[in-house]
Amino acid sequence: FDTFDIIGYFTLLNISTEVEVISLAMTTLLRVWASQNTTLRSSFRKTARTSFERQRPVRILSFSSNSDSNKNSNIKPPIEQPKEERDAAESESKSQELMRHWMEQLRSPPNIITSLRILSTPYLSYLIVTEQYELALLGGFIAGGSDYLDGYIARTYNMQTVLGSFLDPVADKFLVNVVAFSLCYSGILPVPLVAIWTLRDVGLMIGTYAVVKSRTEKGNFVIDPGTTPLQVSATNISKINTGLQFLTLSLAVVQPVYGLDPQILESCCWLTGATTIASAFSYIGHDAFTKSGNPLQADATTRQAASEATPPTPKRK
């Protein structure tokens, strides 16, 4: 095609009014007549080009304007979710994540043994209160053996969990205090000793919660074993105290059955009371807390360290 043909082609594509139809028909007739006259053909080509360049931008602007208006009319602004609904959805998601972490770590054999020890403690208390000391003694030995067994399995087969580091001491404290209250109710253990045990354990639980809460990343549950930054590691004096507590409880159960010398039980009570106070002071200074090694917490710590190590980007003028 020459220039004259291209102009006619674009004119054909933009037919929208009767005037352009007539203009196209006249263009066709004049083209046939002007094909014999070079001068007239050149003049017509110049006139057609001028008309095309004058009308084309107007049609483009008009088409773009209509298209934009159609698009704007079809696009609906996004509906913003209310803040209450967003908070509720986020809270539900975190609750589900918390339950998933708990269930994953509760399935480990050491934590199952620890959980069974907690569930059996009320029955052991019932045996003592009803003066079934033979069965209570047997139950006490089984409970003490389970405390050793869950720790041995966790260390030997690499089944240690963050949940277990909190659950095991809670199970021991629950067992010791419930049985101690039962023996105190039966008049076998002295009230001051039981009070010291209880006050120390309550103080340790409150202090542990406060320390872990201060180290937990904002927005995470403090009791979530999948995100907590710390785990509890019992001190040496605390381990000795736990052993003496179990020994004291065993002697207290044995005394009414076999007529044990009261002086032996009294001496054991004094020794256990002293180690109880010493173990309480051993937890001061956060020596019993170690990093949990949780992947989520490790990622958060890495991000924080990277942000502190990266120098701020200078602003461009």
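Predicted model: local features only at pLDDT ≥ 70, side-chain atom pairs only at ≥ 80, totals over all residues.
## Overall make-up

The protein contains 11 helices and two strands. Starting at the N terminus, the order of the elements is α-α-α-α-α-α-α-α-β-α-α-β-α. The protein has 317 residues, of which 32% count as buried. Among contacts with a separation of 6 or more, 78% are between residues 24 or more positions apart.

## Helix 7 and its partners

Helix 7 covers residues 162–185 and packs against helix 9, residues 236–258. The two axes are 11 Å apart and meet at an angle of about 30°. Helix 7 and helix 9 are therefore roughly parallel to each other, and the crossing is left-handed. On the helix 7 side, the contact is formed by Asp-172, Leu-175, Val-176, Val-179, Ala-180 and Leu-183. Helix 9 contributes Thr-242, Gln-245, Phe-246, Leu-249, Ala-252 and Val-253. Sorted by class, this contact of helix 7 with helix 9 consists of nine nonpolar, two polar and one charged residues.

Helix 7 also packs against helix 8, residues 191–215, where the axes come within 10 Å and cross at roughly 155°. That angle makes helix 7 roughly antiparallel to helix 8. The crossing of helix 7 and helix 8 is left-handed. From helix 7, the residues that take part are Phe-166, Lys-173, Val-176, Asn-177, Ala-180, Phe-181 and Cys-184. From helix 8 they are Val-191, Val-194, Trp-197, Thr-198, Arg-200, Asp-201, Leu-204, Thr-208 and Val-212. The contact of helix 7 with helix 8 divides into 10 nonpolar, three polar and three charged residues.

## Loop residues with positive phi

Glu-131 lies in the loop between helix 5 (109–129) and helix 6 (133–156). Asn-158 is in the loop between helix 6 and helix 7. Each has a positive phi although it is not glycine. The table lists their values.

| Residue | Phi | Relative accessible area |
|---|---|---|
| Glu-131 | near 65° | 56%, exposed |
| Asn-158 | near 55° | 67%, exposed |

## A buried loop residue

Tyr-283 sits in the loop between helix 10 (262–282) and strand 2 (289–291). Is this residue, Tyr-283, buried or exposed? Its relative accessibility is 15%, and Tyr-283 therefore counts as buried. The C-alpha atom of Tyr-283 is separated by 8.5 Å from that of Ala-234, a residue 49 positions away along the chain.

## Cysteines

A disulfide is a covalent bond between the sulfur atoms of two cysteines. A search of the whole structure finds zero disulfides. For Cys-269, the closest cysteine sulfur belongs to Cys-268 and is 6.3 Å away, which is too far for a bond. A pair would need sulfur atoms within 2.5 Å to count as a disulfide. Cys-269 has 9% relative accessibility and therefore counts as buried.

How values were computed. Residues numbered from 1 in each chain as written. Heavy atoms only, no water. Axes fitted to C-alpha atoms, helices over the stretch in contact; angles between N-to-C directions. Helix = DSSP H or I, 4+ residues; strand = E, 2+ residues; numbered from the N terminus. Parallel < 35°, antiparallel > 145°, perpendicular 65-115°, else oblique. Left-handed = near helix turned anticlockwise from the far one by under 90°. Contact = heavy atoms within 4.5 Å. Nonpolar A, V, L, I, M, F, W, Y, C, P; charged D, E, K, R; others polar. Buried < 20%, exposed > 50% of the residue type's maximum accessible area, 1.4 Å probe, protein only.
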